[in-house]
Amino acid sequence: MEFTLLIVIIVLALIFDYINGFHDAANAIATVVATKVLTPFQAVVWAAFFNFLAYWVFGFGVADTVAKTANTLEIDLVVILAGVIAAIIWNLFTWWQGIPSSSSHTLIGGFAGAAIAHAIAVHGFFEYTIVDGAKSYTSYWYDTVNWYTAGKDGGFPSGVLIIIAFIVLAPVLGALMSYLISIWLLNASKKSIYPKIFTAFLMILTIWFVESQMVYYDQIKKPRFDSHFWSVALESHNIKWFLVAFIVLSISGFCMIFSSLNLHQSNYWLKKMQLISSAAFSLGHGGNDSQKVMGIIAAAVTVYIHTSGITQESLPHWLDVVLPNADGDFKMPEWIPLACYSAIAAGTLSGGWKIVKTMGSKITKVTSFEGVAAETAGALTLYFTEHFKVPVSTTHTITGSIIGVGLTKRVSAVRWGMTVSLIWAWVLTIPISAILAAVIYYILNIFF
């Protein structure tokens with residue numbers, strides 16, 4: 001029974017990943033469709049390709065964070081099953097209603113809600129003892145969820161409270177970054193030497209920063225190639241920062257010549273740049289959202305080991321998952337990330353036209369100029385949050401970025417009535433998903 005439940009969870013998690021793809025397809029393609037840079041079909045193929053390409057760019061930091069949403073020693077597979085089912089139901093409902101809610105927060109909310117329901121069902125509201133190897137400690141129902149964990153060695157903290165904080169921070173960061181990029185582009189269009197000086201300084205600063213973030217051959221634990229050059233160049237950590245440099249330097253190059261272009265030439269190059277910015281955002285979307293499903297699968301395997309009584313060594317090779325731990329151990333069979341990236345890419349190919357309309361036109365009118373600024377800001381926000389292992393919402397990020405470019409025109413350029421409705425959907429997603437998952441857990445518990 002335990003093994004069957006594990007297989008069902010893996011299948012449903014990949015179905016959720018597929019739904020996530022078409023639910024969030026609008027995040028990457030709404031602006032390129034709205035500005036007619038690509039047809040809807042071309043846009044989904046473009047986005048799906050870069051969703052899958054993210055497999056070679058991003059690590060598993062976000063997956064680790066999601067897997068540790070709940071204490072795997074205190075839950076069973078029914079908890080994870082209930083969380084995934086709740087996430088699927090809420091995602092399909094919001095997609096049908098054309099609401100760009102967060103698939104990420106749906107999954108986190110479902111997982112946490114089912115875990116709390118399980119703790120209350122088993123232990124009530126009283127304290128209980130958890131045995132972890134030779135250690136034992138007292139716990140309460142609310143301790144089942146990892147609310148907050150301080151970062152190691154001064155690193156970034158993790159936990160559900162950090163994820164909740166980024167409901168606000170992710171769109172704010174996206175809006176601030178897109179606003180600044182828009183101001184930068186607007187000033188670059190003027191025939192003045194000062195924007196060019198600023199752009200040259202920014203190019204130097206970008207090159208210096210990216211070089212400081214690179215991992216060199218002697219720091220790579222498992223080099224992919226014998227060649228030092230290719231091992232460094234194709235190390236996933238480095239590829240991400242190369243992309244950041246490419247994005248910033250591409251816009252910088254355009255800013256250097258912007259003031260010498262006429263209107264037709266400017267529109268031509270902005271549309272070409274929109275292809276780069278939408279590709280960059282699709283990479284971030286694929287890397288961020290696929291990892292969440294990897295985390296759920298990894299958590300399910302960990303719980304299966306704990307509840308079934310089998311050892312890590314006796315697992316079949318295709319289930320031999322070890323997430324990062326204090327000893328530095330880490331292992332994930334290749335099929336898991338491949339399946340997750342394939343599922344989200346296939347979902348993106350299926351489109352999500354209801355939400356495309358909301359994101360592409362109902363928040364603010366989007367031109368190629370705004371599209372470049374919004375997608376670039378969204379991509380950079382996703383890359384930086386992934387670096388800190390924070391599973392943020394791509395939906396919130398791109399919505400905030402679109403609002404940011406709207407603000408450069410005037411405050412009234414943003415359709416605040418629609419925006420307020422979106423914010424309500426964002427705020428309610430985690431609690432509704434948690435309550436739904438708790439109800440589903442109690443129903444499933446009757447049969448298991």
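**Terms and values**

Trainee: Why does Val303 count as buried?

Mentor: Its relative accessibility is 0%. Buried means under 20% relative accessible area, exposed means over 50%, and partly exposed lies in between (1.4 Å probe, protein chains only). The value of 0% puts Val303 in the buried class. Before we go on: this is a predicted model, where local features need pLDDT of at least 70 and side-chain atom pairs count only at pLDDT 80 or more, while totals for chains, interfaces and linings use all residues. Residues are numbered from 1 along each chain as its sequence is written, and side-chain values use heavy atoms, with hydrogens and water left out.

Trainee: Where is Val303, and which residues is Val303 in contact with, leaving aside neighbours within four places in sequence?

Mentor: Val303 is in helix 11. A helix is a DSSP run of H or I with at least four residues, a strand is a run of E with at least two, and both are numbered from the N terminus. Contact means heavy atoms within 4.5 Å. With neighbours within four places left aside, Val303 touches Thr72, Ile75, Asp76, Leu77 and Ile80. Asp76 is 227 residues away along the chain, yet the two C-alpha atoms are separated by 6.0 Å.

Trainee: Is Ile344 buried or exposed, and how do you know that?

Mentor: Ile344 has a relative accessible area of 0%, so it is buried. This residue belongs to helix 12 (residues 335-349). Its contacts beyond four places in sequence are Asp17, Asn20, Gly21, Asn51, His285, Asp289 and Ser290.

Trainee: What share of the whole chain counts as buried?

Mentor: Of the 448 residues, 54% do. The chain has 16 helices and two strands. Among contacts with a separation of 6 or more, 80% are between residues 24 or more positions apart.

Trainee: At what angle do helix 8 and helix 10 pack, and what is that arrangement called?

Mentor: Helix 8 (residues 193-213) and helix 10 (residues 236-258) pack at about 175°, with axes 10 Å apart. That angle makes helix 8 roughly antiparallel to helix 10. Axes are lines fitted to C-alpha atoms, for helices over the stretch in contact, and angles run from 0 to 180 degrees between N-to-C directions. Under 35 degrees counts as roughly parallel, over 145 as roughly antiparallel, 65 to 115 as roughly perpendicular, and the rest as oblique.

Trainee: How do the residues of the contact of helix 8 with helix 10 divide by class?

Mentor: There are 13 nonpolar, five polar and one charged. Ala, Val, Leu, Ile, Met, Phe, Trp, Tyr, Cys and Pro are nonpolar, Asp, Glu, Lys and Arg are charged, and the others, Gly among them, are polar.

Trainee: At what angle do helix 1 and helix 11 cross, and what does that make them?

Mentor: The axes of helix 1 (residues 2-23) and helix 11 come within 10 Å and cross at roughly 170°. That makes helix 1 roughly antiparallel to helix 11. Residues that meet here include Phe3, Leu6 and Ile10 in helix 1 and Val293, Ile297 and Tyr304 in helix 11. By class, the contact has 13 nonpolar, four polar and three charged residues.

Trainee: What makes a space a cavity and not a pocket?

Mentor: On a 1 Å grid over the protein atoms alone, a cavity is a set of points where a 1.4 Å probe fits but cannot get out, whereas a pocket is an open set with protein on both sides within 12 Å along at least five of seven lines; lining residues have an atom within 4 Å of a point. The structure holds one cavity of 30 Å³ or more. The largest cavity has about 50 Å³ of space, and Ile247, Ser250, Ile251, Met273, Ile276, Ser277, Val372 and Thr376 line it. That lining has five nonpolar, three polar and no charged residues.

Trainee: How much space lies in the second largest pocket, and which helix gives the largest share of its lining?

Mentor: About 330 Å³ lies there, a volume being the space filled by probe spheres set on grid points joined across faces, edges and corners. Helix 8 gives the largest share of the lining, five residues. The lining has 15 residues, with Leu202, Thr206, Val248, Leu380 and Phe384 nearest the centre. By class, 13 are nonpolar, two are polar and none is charged.
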